[in-house]
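I opened a new notebook page for this one. Here is what I looked up, in the order I looked.

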Amino acid sequence: MTHTLEQAIAAGAKLLAASSDSAKLDAQVLLLNILQKPHSYLFTWPEQALSLEQQQQFEQHCQRRLQGEPVAHITGQREFWSLSLEVNATTLIPRPDTETLVEQALQMPVPDTAKVLDLGTGTGAIALALGSEMPNWQITAVDRVKDAVALATRNQQRLAINNVQVKQSNWFSALSGETFDLIVTNPPYIEPTDIHLKQGDVRFEPLSALVAEDDGMADIKQIITQSRDYLQPKGYLLIEHGFAQGAAVRQFFKQMQFVNISTVQDLANNDRVTLAQWP
């Protein structure tokens, strides 16, 4: 005998309670992905019975989640800035914290037809969020990983955000001669010895997208240094970083002769984005 939707969620939440802080929500998202229905469906039709195939698939999904696999990898998608993005194990799962970077970028005093660069685009989340809000901006999104470029391109095409172009580039390597009004990036910034790398969803994400040498500052310093050749005069660089790195990022911006340097907090009041202007 198969479960109703209500029974399935209760069983899934009970199974996942020991391994997830959001067991009921995880169960709901996994079930809705199988049903291909909106969240409201669970409350409208709680007595609807699952088919045997749906129940077996839900149980398999719950077992994968029980092993720690991220919900976004199981469902193959994650919402970011109201955009539904395809995700996979080749790159980072977009985080709500990164919406702070998008919000700040949208406030910058750049031309109406600004040229914008997203470094290390991954799923394309930042570039596509900006492109959806600013259709007159011309946005280039780059990643060094071929599979990430393919993933971001699929997201761009499916969402039909046509002012975003995705290219393969190791930071600035394929951008010779180009300059931008605004550069945004969420680079690797976690120290290799950070204990959080052995916890939660990050265990299933590529280390190369998470970890940087020099106390997590190596890629940040490289981007700040090299960006000076790719920014228009008065252009801006915005960098997402760890909650304890704000002072170090501001200091390096200052060392590299940037001006108007400031750090923005995320919703939890942690330092999250530092921005600066090239004079």
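These entries go from the whole chain to the sheet, then to a few residues and the helix pairs.

**Ground rules.** I'm working with a predicted model, where local features need pLDDT of at least 70 and side-chain atom pairs count only at pLDDT 80 or more, while totals for chains, interfaces and linings use all residues. Residues are numbered from 1 along each chain as its sequence is written, and side-chain values use heavy atoms, with hydrogens and water left out.

**Whole chain.** I counted elements first: the protein chain has eleven helices and nine strands. Helices (H or I, at least four residues) and strands (E, at least two) are DSSP runs, numbered from the N terminus. Next I checked burial, and 50% of the 279 residues are buried. Buried means under 20% relative accessible area, exposed means over 50%, and partly exposed is in between (1.4 Å probe, protein chains only). Then contacts, meaning heavy atoms within 4.5 Å. Of the contacts with a separation of 6 or more, 65% are between residues 24 or more positions apart.

**The sheet.** What is the order of the seven strands in the open sheet? I read it as β5-β4-β3-β6-β7-β9-β8, with mixed pairing. Two strands pair if DSSP finds at least two bridges between them. The edges are β5 (164–168) and β8 (259–265), each pairing on one side only. On average, neighbouring strands are turned by 15° against each other, direction ignored.

I then went through some of the pairs. Strand β4 (residues 138–143) runs parallel to β5, and five bridges join them; Val142 has Lys167 in β5 as its bridge partner. β6 and β7 are also parallel, over five bridges, and here Val184 stands opposite Leu238 in β7. β7 and β9 pair in the antiparallel sense over five bridges, with Ile239 partnered by Thr274 in β9.

**Helices on the sheet.** Helix α10 (residues 218–227) lies across β3 (115–119), β6 (180–185) and β7 (231–240), at about 170° to β7. Helix α11 (residues 246–255) packs on the sheet too, touching β7, β8 and β9 (271–277), and its direction makes about 10° with that of β9. For such angles, axes are lines fitted to C-alpha atoms, for helices over the stretch in contact, and angles run from 0 to 180 degrees between N-to-C directions.

Seven of its ten residues are buried, so β7 is largely enclosed by the rest of the structure. Gly235 lies in this strand. Is Gly235 buried or exposed? It counts as buried because its relative accessibility is 2%. Leaving aside neighbours within four places in sequence, I found Gly235 in contact with Asp181, Ala276, Gln277 and Trp278. Gly235 and Ala276 are 41 residues apart in sequence, and their C-alpha atoms are 8.6 Å apart.

**Another positive phi.** Trp171 sits in the loop between β5 and β6. Its phi is near 55°, positive although the residue is not glycine. Trp171 is buried, at 10% relative accessible area.

**Helix pairs.** Two packed helices are described by the angle between their axes and the distance between the axes. I started with helix α1 (residues 5–16) and helix α2 (residues 23–35): their axes come within 8 Å and cross at roughly 130°. That makes α1 oblique to α2. Angles under 35 degrees count as roughly parallel, over 145 as roughly antiparallel, 65 to 115 as roughly perpendicular and the rest as oblique. Residues making the contact include Leu5, Ala8 and Ile9 of α1 and Leu31 and Leu35 of α2.

How do α1 and helix α4 (residues 52–66) cross, and at what angle? Their axes come within 10 Å and cross at roughly 20°, which makes α1 roughly parallel to α4. Ala8, Gly12, Leu15 and Leu16 in α1 meet Phe58, Cys62, Gln63, Arg65 and Leu66 in α4.
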